[in-house]
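Q: Could you walk me through reading a few features of a model, step by step?

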Amino acid sequence: MTEQGFIPLSSQLGIPGTSYRIQLGLINDKWASRLLKGNNIIDSYIYKDEDSGELGFPNQNLIVGWVLRTIAIPNINPHQIMKTTQVLVKQARQKREQQKVMAPVSETRDVELEKVPESELKRPKVHGWVKEEGMKSADELEAEKREAFQVRLAAKKEEERLKASASGSTVKTTRQLPSIPKAQEAGPSKFCHSCGKDLDWKFCPYCGKPIN
């Protein structure tokens, strides 16, 4: 079978216990499998439409039968070939689904993007705060508030100190003099001989001179 136009849709997986490898792909948009040994392609097989299963992939039993017919190895385990075939079909299915989703390069190469007018462009909003020249940051404003608070606190303490000092001096200046003993303690005199006031004090409370 010719190998021309084979499009691989799976990796090359080895058959346990042998030196052969199997790979699934497409030839002329039809499912195909090929058998490899080393760098050589031993055989290829193209499956008919009626050979496909419900999902459109080759029947796995047909792949196992083709391998058993192609390589004549005594006592080869068909179960090991089936396990390899199941992995290959799974890989081919995933690759095929990816090709359906992806658009061909020829369809996207000539597409010209429409230029949006500058007036219709919506610029993203700038988040955050941008410091302009001459403006102070939040840290600088906070530092100024703390400094002003310290100045007010120091002024208040100085004012309280001055009030306390003034209050102390007032107490000293308004201290009362000791009371003047009455004249009865000094003798029978009841008037001041200097100013003539009739008082029962030892010293005259008006002029401060002793009463004889």
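A: Gladly! This is a predicted model, in which local features need pLDDT of at least 70 and side-chain atom pairs count only at pLDDT 80 or more, while totals for chains, interfaces and linings use all residues. Residues are numbered from 1 along each chain as its sequence is written, and side-chain values use heavy atoms, with hydrogens and water left out.

Q: Where is confidence lowest and where is it highest in the protein?
A: pLDDT is the predictor's confidence in each residue, from 0 to 100. Here the mean is 75, and 63% of residues reach 70 or more. Helix α5 (residues 183-186) is lowest, at a mean of 46, and β3 is highest, at 92. Helices (H or I, at least four residues) and strands (E, at least two) are DSSP runs, numbered from the N terminus.

Q: How many bridges join β4 to β5?
A: Strands pair if DSSP finds at least two bridges between them. Six bridges join β4 (residues 30-37) to β5 (residues 40-46), and the two run antiparallel. They form a hairpin with two residues between them, where Gly 38 has a positive phi of about 65°. Lys 37 stands opposite Asn 40 of β5.

Q: Is Gln 23 buried or exposed?
A: Buried means under 20% relative accessible area, exposed over 50%, partly exposed in between (1.4 Å probe, protein chains only). Gln 23, in strand β3 (residues 20-27), is buried at 5%.

Q: Which backbone oxygen does the side chain of Gln 23 reach?
A: That of Ser 10, at 2.9 Å.

Technical notes
Polar contact = N/O pair within 3.5 Å; in protein donor to acceptor, adjacent residues only side chain to side chain.
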